[in-house]
Amino acid sequence: MRIIFPLALVAVFGIFALVIVGFAYNWVSFEKPLGEQPVAFPHDIHAGSGLGYLSDGTQVGQLNLPCVQCHLYVEKSRFATVPPMQVCKNCHQNLPARTSEQQKLKVYLDNNEAIPWVKIHNVPKHVYFSHKRHIKAGVPCESCHGDMTVVKTVTRVRSFEMGFCVSCHRANNAPQDCWTCHH
Ligand code: HEC
Ligand code: HEC
Ligand code: HEC
Ligand code: HEC
Ligand code: HEC
């Protein structure tokens with residue numbers, strides 16, 4: 001008894017400590033700045049459909065491009081992928097590089113050099129995720145990434161923890177057995 005009680009106390013505190021560390025960890029990884037992109041690519045200007053502002057304050061009409069014009073594989077593979085430089089070149093080789101961000105872009109395009117985008121979203125290696133299945137089932141990008149047509153800078157609006165995935169699967173009668181997402 002004299003030994004078990006302190007042990008139980010340590011165990012309880014241990015669990016508390018883990019929970020707190022867990023929260024702190026989530027909070028940190030959720031709030032921490034994500035690192036600058038090599039070019040500040042504005043989603044709102046390209047994917048939105050109203051009016052927007054460039055980095056130098058010029059007002060321009062937004063282009064209303066479909067996501068799949070740039071994220072070429074989102075409907076047909078696990079990964080959405082970021083666009084190859086040629087997709088940007090198609091338009092930007094004919095546009096004046098009037099802002100400093102467009103000038104940065106121009107250097108990559110002139111050198112035919114791939115832009116080293118920093119990846120923002122991740123799931124751990126032990127998790128299987130596939131875009132294709134979700135897009136085919138009609139799950140909108142917004143459910144997991146927020147409304148990308150209004151943002152300048154990509155951030156994580158959801159932390160992809162297990163509860164987030166499983167609760168949507170439950171609500172939609174999608175598979176919930178462990179090996180669906182862990183194989
Ligand atoms: C369908 C044509 C089109 C495509 C494709 C396109 N853009 Fe643009 N982009 C534009 C237009 C139009 C503007 C507004 C430019 C202006 O009015 O000076 C713009 C603006 C920009 C700006 C300036 C933002 C600012 O606020 O300074 C950047 C940076 C940019 N695009 C990067 C990219 C990158 C990177 C890609 C490829 C992933 C890309 N664009 C693909 C047409 C396009
Ligand atoms: C059901 C949730 C969900 C939906 C819906 C979804 N995504 Fe994702 N997305 C994720 C997850 C989870 C990751 C991280 C995947 C990884 O690390 O492999 C991700 C990563 C990405 C990435 C970067 C990595 C990659 O796969 O190339 C892009 C780009 C992306 N998503 C675009 C989109 C677009 C565009 C749509 C809609 C056409 C969309 N996503 C719909 C959950 C989703
Ligand atoms: C003109 C090309 C273009 C269009 C259109 C576009 N994107 Fe992107 N997207 C990019 C580029 C370039 C990046 C990488 C740079 C960045 O993260 O800002 C990116 C990054 C992302 C990421 C983060 C990927 C990561 O690293 O985890 C998501 C999510 C995403 N886009 C979703 C969307 C959705 C949803 C739409 C449609 C509403 C869309 N995009 C339309 C070019 C585009
Ligand atoms: C907004 C709702 C939603 C969210 C969030 C969501 N899913 Fe799904 N998922 C679905 C639906 C609906 C299906 C069923 C697709 C079908 O019937 O083909 C599905 C199917 C799947 C499948 C394919 C199942 C199979 O049998 O092949 C996998 C794997 C999967 N999801 C993993 C994930 C992971 C991992 C996450 C979290 C990062 C996630 N999902 C988040 C709605 C969601
Ligand atoms: C719909 C997808 C999905 C299903 C179904 C699912 N998981 Fe997970 N699981 C995840 C994701 C996503 C993560 C990563 C969580 C993170 O990174 O925070 C995860 C993480 C885990 C971890 C690592 C610990 C953690 O929380 O990060 C374990 C253990 C685990 N899952 C076990 C299970 C078991 C057991 C089942 C069946 C009862 C199951 N999972 C069903 C998506 C799923």
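**Exercise 1.** In this predicted model, determine which residues M148 is in contact with, leaving aside its neighbours within four places in sequence.

*Solution.* Two residues are in contact if their C-beta atoms, placed from the backbone, lie within 7 Å. Once the neighbours within four places in sequence are set aside, the contacts of M148 are H43, A47 and C141. A further pair concerns C-alpha atoms: M148 and D44 are separated by 104 residues in sequence, yet by 7.0 Å in space, C-alpha to C-alpha.

**Exercise 2.** Locate M148 among the helices and explain why M148 is classed as partly exposed.

*Solution.* M148 belongs to the loop between α7 (142-145) and α8 (162-171). A residue is buried at 20 or more and exposed at 12 or fewer, with partly exposed in between.

**Exercise 3.** Explain why α8 lies largely in the open, and state which residue follows α8.

*Solution.* The helix α8 has 10 residues, and the number buried is 0, so α8 lies largely in the open. After α8 comes N173, with a positive phi near 55°.

**Exercise 4.** Describe the shell of residues around ligand 1.

*Solution.* Begin with the total: 23 residues surround ligand 1, and the closest are L54, S55, C88, C91 and T99. Next, consider the elements: α2 (43-47), α4 (85-92) and α5 (100-110) each give two or more residues to this shell. Of the elements, α4 gives the most, with 5 residues. Finally, sort the shell by class: 15 residues are nonpolar, 6 polar and 2 charged.

Note on methods. Residues are numbered from 1 along each chain as its sequence is written. Chains are lettered from A and ligands numbered from 1 in the order in which they are written. This is a predicted model: local features need pLDDT of at least 70, side-chain atom pairs count only at pLDDT 80 or more; totals for chains, interfaces and linings use all residues. Helices (H or I, at least four residues) and strands (E, at least two) are DSSP runs, numbered from the N terminus. A residue is near a molecule or strand if its C-beta atom, placed from the backbone, lies within 6 Å of it. Ala, Val, Leu, Ile, Met, Phe, Trp, Tyr, Cys and Pro count as nonpolar, Asp, Glu, Lys and Arg as charged, and the others, Gly among them, as polar.
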